[in-house]
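Here is a short tour of one protein model. Keep the sequence and the 3D view open while you read.

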Amino acid sequence: MTAIEERTTRTVSLDAPDARRSASAGAKAAHLARAAHAGLPVLPGFVIPYGSDSDAPAVHRAWRELSADGAHALVVRSSSAHEDTQDSSMAGQFTSVLDVRGWEAFRAAVRTVLGSARRPGGDPPAPMAVLVQRMLPATAGGVLFGADPVEGRDDRMLVSAVRGGPDALVSGEQSGTDHHLTRHGRLLRTEPPEPDADLVLGRAELHRLARLARHARQLFGSPQDIEFAFDGDGKLWLLQSRPITAMAARPPRGARLLGPGPVAETLPDALQPLEEDLWVLPMSRGLAAALDIGATVPRRRLRALPVVRTIGGRVAADLELLGAVPPRHRFLHLVNPLPGARRLAAAWRVGRLHSVLPQLALDLLADVDRRLAETGPPRELDRAELIALLRWARGALVALHAQEALAGALLGDARGATSAGVALSALADGRERGLTDAQIIASSPVVLALAPPSVTTPPRLPRDTSSATGGSSGYGAGVASLPVREALRLRVRWVQELQARLVRETARRLAARGALAEPERVALLRWPELITALRHGPLPGDLGERLARTASAPLPDAFRLADGGVVVPERSAHHRIGAGQGVSAGRVTGTSWDGGGTRPPDAVLVVRTLDPALAPLLPAVTGLVAQTGSPLSHLAVLAREFRLPAVVGVGDAVRRFPPGTRLTLDGTTGEVSAESGSGCPGGQEREVDR
């Protein structure tokens, strides 16, 4: 017999060196052979190497020896060099046959496993070896991850177990009991929680599994995805070990807690690059100035960390810097680390600001209004005037955002008209007179509070104004009666609209001279590139290759960034999902509604963010629930103006309370609860505690 013939007619025992070669034995068998060689508890078995004759006498001899001439049932499993690798597990892609009894059944099982190597679409079959082991009558089994792939933590372990073997679990037929462990086997929590007497695994078994995971990690050099089983004598067996190939991203230690928060109310949509430079940078600088004046954050942190930034064009703020979440270390928060002299100076500034801020704000409002009134139509401005106005607008936004933040912190929630309420009345009046959006904006620019800014398209005002009643129409008395904070917010929107019109005029001129083929691509420029283009400089050479940002999913309410800018939603052990904050008193019961389709007669509007464009809907609804938002936001203030019960900060509200769910909400306590069987997922009552 030649060497080639010998290689194609033999079998390899799992304790033989050749079984550790994945090229011929496959990765699954090779891993088990390495584990067995290292002394880990692996069931005895043999491998039919890739390319071997499965009907050779050597296979029959190996079958007779392992099965005791058919007395013991066997497991026939795939073992391809393409599965269980560092890059791809191909879990469940190939076939395993359990409880194989008798020679003919064994031959059929081997053919089945080899046949699973064939791939759909005519691709070449995967190189396939066959792994054969004794069938283990397991009392408990499951999957052990040497790291937590859900949370991306390699200092945690995750065990999922069922009664019997692990096959029902890995196939999805049964849901196991999940145990979250430390690396040393200490139990952190069990899901779902059960009495100790009913648990599949006890603490002793969990400690043994943790020890097995540590040994496997040391052997293979990385955390392993392990299938395991306990036999009737309580002995633990390793059935399979492969690298964990899909670990969730995990933020680095100390990563900042970010979220849309109140800033999404000003800029709710995804922004293009130029819009980021025009609106996000001034907002961040203005908020940083306000925080510095109040001495709530050390200056070195403000210099190192932007208060506001964008992720994929979506605006997010540092929630801890803004004080939107409780501090992680309350004691250290109470011990102010700032130098005493600076704290004293800050206290003096804040005390002085409390009395002089209204007058300072009035001066700023007057300066902004005068500059806006003096500005002619963009088409009549020369190049130098366009550049000067664009520069002035960015500086004005910094001052407006800073004073708006200080007004919210120092002056509190002043009662009175809101810009959204005045805008809603003005919009209803314009619709009744049959005016177009452009005509309404020209006659009553306060309506811009209902539309987000855009440098490429003119504002689109809400169509539904059937519920708008009362208030002031027009631009004069209604705007003049606004509280300081509302007036500052409105000027922010006006300055943003001035910038948008100037940019659209710039795009028109660039297109007219042939420098810009598509005017809307001006939004893909950055601020320095726009100024260079206005000075008749060249446009970026790669402008034609840049892609506009398309509509993207909203950011989570709170998240941290992992490497590569991956968004990782925050999981809090101290804050129960759904805990809300009441922002407008009253208790009502109604039907959840997302703002689309037919409105129920007792609609409770359930939304992600407090978008000002939702203002026309408020007078016609019974209550308001939002996933994010501030008590001082436009819609929250307007809800109080309409005496509409409202709750914000209700985690995952849009998913948990789909349209048609019967809800009870209390705008004082923040309680939101759904009636059982009224449309909640699973038909179970959900409640949000105060």
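## The β10–β11 hairpin

G234 takes a positive phi near 85° in the hairpin of β10 and β11, which has 4 residues between the strands. This is a predicted model: local features need pLDDT of at least 70, side-chain atom pairs count only at pLDDT 80 or more, and totals for chains, interfaces and linings use all residues. Residues are numbered from 1 along each chain as its sequence is written, and side-chain values use heavy atoms, with hydrogens and water left out.

Strand β10 covers residues 224-231 and pairs with β11 in the antiparallel sense over 7 bridges. Strands (E, at least two residues) and helices (H or I, at least four) are DSSP runs, numbered from the N terminus. Two strands pair if DSSP finds at least two bridges between them. Q224 has P243 in β11 as its bridge partner. Buried means under 20% relative accessible area, exposed over 50%, and partly exposed in between (1.4 Å probe, protein chains only).

Strand β14 runs over residues 314-318. Of these 5 residues, 5 are buried, so β14 is largely enclosed by the rest of the structure.

## The five-stranded sheet

An open sheet is formed by 5 strands in the order β1-β2-β5-β3-β4, with antiparallel pairing. Its edge strands are β1 (12-13) and β4 (96-100), each pairing on one side only. Strand β2 (residues 45-48) pairs with β1 in the antiparallel sense over 2 bridges. In β2, F46 is the bridge partner of S13.

Helix α3 (residues 27-37) lies across β2, β3 (74-80), β4 and β5 (128-134), and runs at about 110° to β3. Helix α4 (residues 57-67) packs on the sheet and touches β2, β3 and β5. The direction of α4 makes about 160° with that of β2. Contact means heavy atoms within 4.5 Å. Axes are lines fitted to C-alpha atoms, for helices over the stretch in contact, and angles run from 0 to 180 degrees between N-to-C directions.

## Helices α13 and α17

Helix α13 (residues 383-410) packs with α17 at an angle of about 160°, their axes 9 Å apart. The two helices are therefore roughly antiparallel to each other (over 145 degrees; under 35 is roughly parallel, 65 to 115 roughly perpendicular, the rest oblique). The residues of this contact divide into 15 nonpolar, 6 polar and 8 charged. Here Ala, Val, Leu, Ile, Met, Phe, Trp, Tyr, Cys and Pro count as nonpolar, Asp, Glu, Lys and Arg as charged, and the others, Gly among them, as polar.

## Residue Q496

Q496 sits in helix α17 (residues 484-512). Is Q496 buried or exposed? Its relative accessibility is 1%, so Q496 counts as buried.

Leaving aside residues up to four places away in sequence, Q496 touches T266, L267, W279, L397 and P453. Q496 and L397 are 99 residues apart in sequence, and 8.1 Å apart in space, C-alpha to C-alpha.
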